[in-house]
Amino acid sequence: KLEAFQADLNEIKFLIKEKKNQAEIERWNTKQEARHKLHVCSKTLDNYLAKGILPYSRFAGKIYIKASDIEAHLEKNYITK
């Protein structure tokens, strides 16, 4: 019984972790949060937005960028040697 309980507990932990990861991917970031994730300055992020490199949404005068779009941009520009 203890092994079955441990297996169930591990499955619950895995599901909670997956749910947190999914919530983070669907999260909308402010420009400041996006800058920190991309490790760029304000002007560079403004250029990304103006040139359409990163899609964004404007609500109540503020700009929001999806975490999944930031992640996709980083993956697309990943350099391997």
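Visitor: In what order do the three strands of the open sheet lie?

Guide: A strand here is a DSSP run of E with at least two residues, a helix is a run of H or I with at least four, and both are numbered from the N terminus. Two strands pair if DSSP finds at least two bridges between them. In this predicted model, local features need pLDDT of at least 70, side-chain atom pairs count only at pLDDT 80 or more, and totals for chains, interfaces and linings use all residues. Residues are numbered from 1 along each chain as its sequence is written, and side-chain values use heavy atoms, leaving out hydrogens and water. The order is S1-S3-S2, with antiparallel pairing. Strands S1 (28-30) and S2 (57-59) are the edges, each pairing on one side only.

Visitor: How many bridges join S2 to S3?

Guide: Three bridges link S2 with S3 (residues 62-66). Look for Phe59, which stands opposite Lys62 in S3.

Visitor: How do I describe two packed helices?

Guide: Use the angle between their axes and the distance between the axes. Axes are lines fitted to C-alpha atoms, for helices over the stretch in contact, and angles run from 0 to 180 degrees between N-to-C directions. Here H2 and helix H4 (residues 67-76) pack at about 25 degrees, with axes 11 Å apart. H2 and H4 are therefore roughly parallel to each other; angles under 35 degrees count as such, over 145 as roughly antiparallel, 65 to 115 as roughly perpendicular and the rest as oblique.

Visitor: Which residues of H2 and H4 make the contact?

Guide: Contact means heavy atoms within 4.5 Å. H2 contributes Ala34, Lys37 and Leu38, while H4 brings Ala67, Ile70, His73 and Leu74.
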